[in-house]
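Good morning, and thank you for coming. I shall speak briefly about one structure, moving from the meeting of its chains to some of its parts.

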Amino acid sequence: MLTIAGTEFSSRLFLGTGKFSSSSVMAEAIAASGCQMVTVALRRIDLDNPEDDIMKALGQRPYTFLPNTSGARNAEEAIRLAHIARAASGSPWLKLEVTPDPRTLLPDPVETLIATEKLAKDGFIVLPYINADPILALKLQDVGAAAVMPLGSPIGTNQGVLSDSMVEIIIEQARVPVVVDAGIGAPSHAAYAMEMGADAVLVNTAISIAGDPVAMAAAFAKAVEAGRTAYVAGMGQRSKQASASSPEKGTLSSDLGFLT
Amino acid sequence: MFQAPDFNTLIKQINSSTDTDVEKALRTSRLSLDDLAALISPAAEPFLQQMATRSSEITLARFGKTTQLYAPIYLSNYCTNRCAYCGFSADNRIKRKCLTIDEAEKEAMILHERGFQHILLVSGEAENAVDVEYMEAISLRLRDKFAAVSIEIQPMSTEHYHRLFLAGITAVAVYQETYDRDMYKQVHLSGKKRDYDYRLETPARVAKAGMREVGIGALLGLSDWRAEGLSIAYHLQWLRKKFWSTAFTVSFPRMRPATGEFDPLEIVTESNLSQLIFALRLFDQDVGLIVSTREEARYRDGMLGLGPTRYSAGSCTAPGGYGNSDSEAEQFSVGDHRTFTEVSEMIKQKGFDPICKDWDCGFQIDKSTDPAL
C-alpha cells in the first residue's frame with residue numbers, strides 16, 4: 001500500500017485530466033484505470049461553480065483530488081493560487097508546478113523549493129513536480145514535501161523515462177514517495193518506472209490522446225501493477241554479458257573453488 | 001530590437017525552394033526558418049496532405065483533443081488612423097461609438113451568460129477615446145468575472161502595458177498588418193500607425209511588461225502571404241529567444257469586405273491559409289494558432305484539430321453589438337455566424353473538448369493587497 005501524508009492508495013497510477021476530448025471520456029478513463037489520485041489544473045476549473053464540467057465529472061467518486069498550479073511562473077503565483085484553491089475546495093493536497101517556460105513546461109527548481117517550503121509550513125500536502133535532480137529531491141523532502149515527482153522526460157513528449165539514471169538515485173535516497181511524472185508515453189514506460197522502484201507514476205497525455213483512452217487507461221493499470229510486482233519480487237541485475245541460467249561448476253570466472 | 005528581414009529577399013528565398021527542400025523539411029523534427037520557407041513555398045503545395053497529417057499529430061500531442069474558445073468585445077470604433085483596408089478608418093463615414101465602462105461591462109456579461117470565460121477587448125486606435133485609464137477601469141471591473149481578459153487596441157508603452165497587466169489583462173494582440181515595409185506605407189495613409197518600426201517593436205514591449213501571452217500576426221491580403229508567414233516566423237523566433245517565459249499566439253486574419261470597400265490586393269485562398277497554418281505548426285509546436293470568425297463555418301469545422309488551437313465564436317465586430325443588434329459600424333463582416341452553443345456543439349461532435357476556461361484570475365496580483373491599485 002502506498003502512503004502519502006497518511007493517506008493510503010492501493011493504486012499506484014495517478015492520472016492527469018488535461019487534453020481529453022470530453023469530461024465524460026476523462027471520467028470513464030479514470031474509472032477504467034482504477035486510480036485513486038487525480039490531478040486537475042486549477043486554471044481549467046472553477047471551484048466556486050458547482051456546475052463546473054470537470055468537477056461534475058469527477059464528483060462523487062472516491063479519488064483524492066490533487067489540484068495543480070500549472071501555469072504558475074514563480075513561487076509567488078503558485079502560492080497565491082494554492083491558497084485560493086484550498087479556500088474553495090477545503091483540501092490541502094497540492095501538486096506544485098512552477099513552470100516559467102510555457103513551451104517546455106519544465107519546472108523551475110529554485111522557485112519550486114521556495115514555494116514548497118512556504119506551502120508546507122502553511123499546512124499544504126505538497127507534491128512538487130521537478131526535474132530528475134537528486135539533490136533537489138533531497139532538499140525538497142527536507143523542507144516538507146510529502147512526495148517528489150521527478151519527470152521521466154519533457155511533458156507531453158511520450159518519450160518514456162529518459163532520466164532513469166537520476167530517477168534511480170532519487171528513489172534510492174528518498175524518504176518520501178517518488179512519483180514519476182511526465183513523459184510516460186506507453187504502458188511499458190510505466191512498468192519500467194515501477195520496476196525501478198518508483199512508488200507511483202502519473203500519466204496523462206498517453207491516455208487522453210490515445211485512440212481509445214478508456215482501454216489505454218486499463219492497459220496502464222496493468223502495467224503499473226506488473227512493474228510494482230516485479231520490483232517487490234526482486235529484479236535480477238542487468239548485465240551486458242550473457243550468463244547461463246544453470247551454470248556448470250568450474251565454468252564461472254568468479255568460481256570460488258580455489259578457497260580451502 | 002527585432003529587425004524584420006527584407007520582404008523581397010524573403011519572397012525570393014521562398015520561391016527558390018524546391019521539392020527536395022520540402023521533402024527535407026518534412027523529414028526534420030526541428031525545423032529551421034529555411035525549412036519553413038520551403039513549406040510555405042509553391043513547391044510545397046502538392047504536399048499539403050502530408051503537412052496536414054503532421055500538423056494534426058503535433059497539435060494533438062501538444063494540445064490534446066481540445067480547442068479554446070473566446071469572443072471579442074468591440075469597445076470603440078473611433079480611430080485616428082487612416083488605413084486603406086479598415087472599416088474603422090478615420091475618414092470612413094460610419095456611426096462612431098465608444099462604450100462607457102458600464103456599457104462595456106454589460107456587453108461582457110452578455111457573453112458571460114452565453115458561456116464565455118475568455119474575452120478579447122478590441123478597439124480602434126484613438127487615444128482620446130480609449131486610453132490606459134479607460135482600459136484599466138474596464139479591466140478592474142471584469143477581472144474577477146472572467147478567467148482571462150485580453151486586449152487588441154493601439155500599441156502602448158511598456159509602462160502602460162504593465163499597468164494593464166496589474167489591472168488584470170493577461171494577453172495582448174498586436175498585428176503588424178503587413179511586414180512588407182513598402183506596402184505598409186502605402187496602406188497606412190496617416191496617423192500614428194504609419195510608424196512601421198514602433199508597431200514592430202510593440203510585441204517586445206508587451207512581453208517586457210510581464211504579459212503572459214503576446215499575439216502577433218499579419219493581415220493576409222495586403223502583400224505576399226508566403227513572405228508574411230516567413231516574417232511572422234522570424235519575429236516569433238526572435239521573441240521566443242528574448243522572452244522565454246512568454247506564451248505566443250499567431251493569428252491569420254484574411255481580408256474580408258469592409259465599409260471602405262477595399263478589395264484585397266492579394267488573393268489568399270483557403271488552401272493557401274491552410275498551408276501557412278500547417279507550416280507554422282510544424283515550425284513551432286507550441287505556438288497558439290487562432291482562427292477567427294472571419295473564416296466561414298465550413299472551413300473552421302474542417303480545420304479543427306489540424307493545427308489551430310483557438311477559435312472565436314458568436315462574434316460581433318461593432319461596439320455594443322451584443323446588446324444591440326444594430327451592426328452598421330462593424331470593422332469587418334464575419335464568415336461564421338453561429339452562436340457560442342452551436343460552435344461548441346460542433347467541436348464536441350468532432351470529438352474535441354471546447355475549452356472556455358484555461359486561465360484563472362487567481363494568477364493575477366491581488367488588487368486588495370497591491371498598493372499600486
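Let me begin with a definition: two residues are in contact if their C-beta atoms, placed from the backbone, lie within 7 Å. This is a predicted model, in which local features need pLDDT of at least 70 and side-chain atom pairs count only at pLDDT 80 or more, while totals for chains, interfaces and linings use all residues. Residues are numbered from 1 along each chain as its sequence is written, and chains are lettered from A and ligands numbered from 1 in the order in which they are written.

Helices (H or I, at least four residues) and strands (E, at least two) are DSSP runs, numbered from the N terminus.

The 15 residues of H3(A) should span 21 Å at 1.5 Å a residue, and the end C-alpha atoms are 21 Å apart, which agrees; the expected span is 1.5 Å times one less than the number of residues. Among the buried residues of H3(A) are Ala75(A), Ile79(A) and Leu81(A). Here, buried means that 20 or more other C-beta atoms lie within 10 Å of the residue's own, exposed means 12 or fewer, and partly exposed lies in between, with C-beta atoms placed from the backbone. The cover over these buried residues includes strand E5 (64-68), strand E6 (93-96) and helix H4 (109-121) of chain A. Just after H3(A), Gly90(A) takes a positive phi of about 80°.

I turn now to chain B. Its secondary structure comes to 14 helices and 11 strands, and buried residues make up 53% of its 373 residues. One of the helices, H11 (residues 225-242) of chain B, has 18 residues and reaches 26 Å from its first C-alpha to its last, close to the 26 Å expected. Its buried residues include Trp225(B), Leu230(B) and His235(B). Among the elements that cover the buried residues of H11(B) are helix H1 (7-15) and strand E7 (213-217) of chain B.
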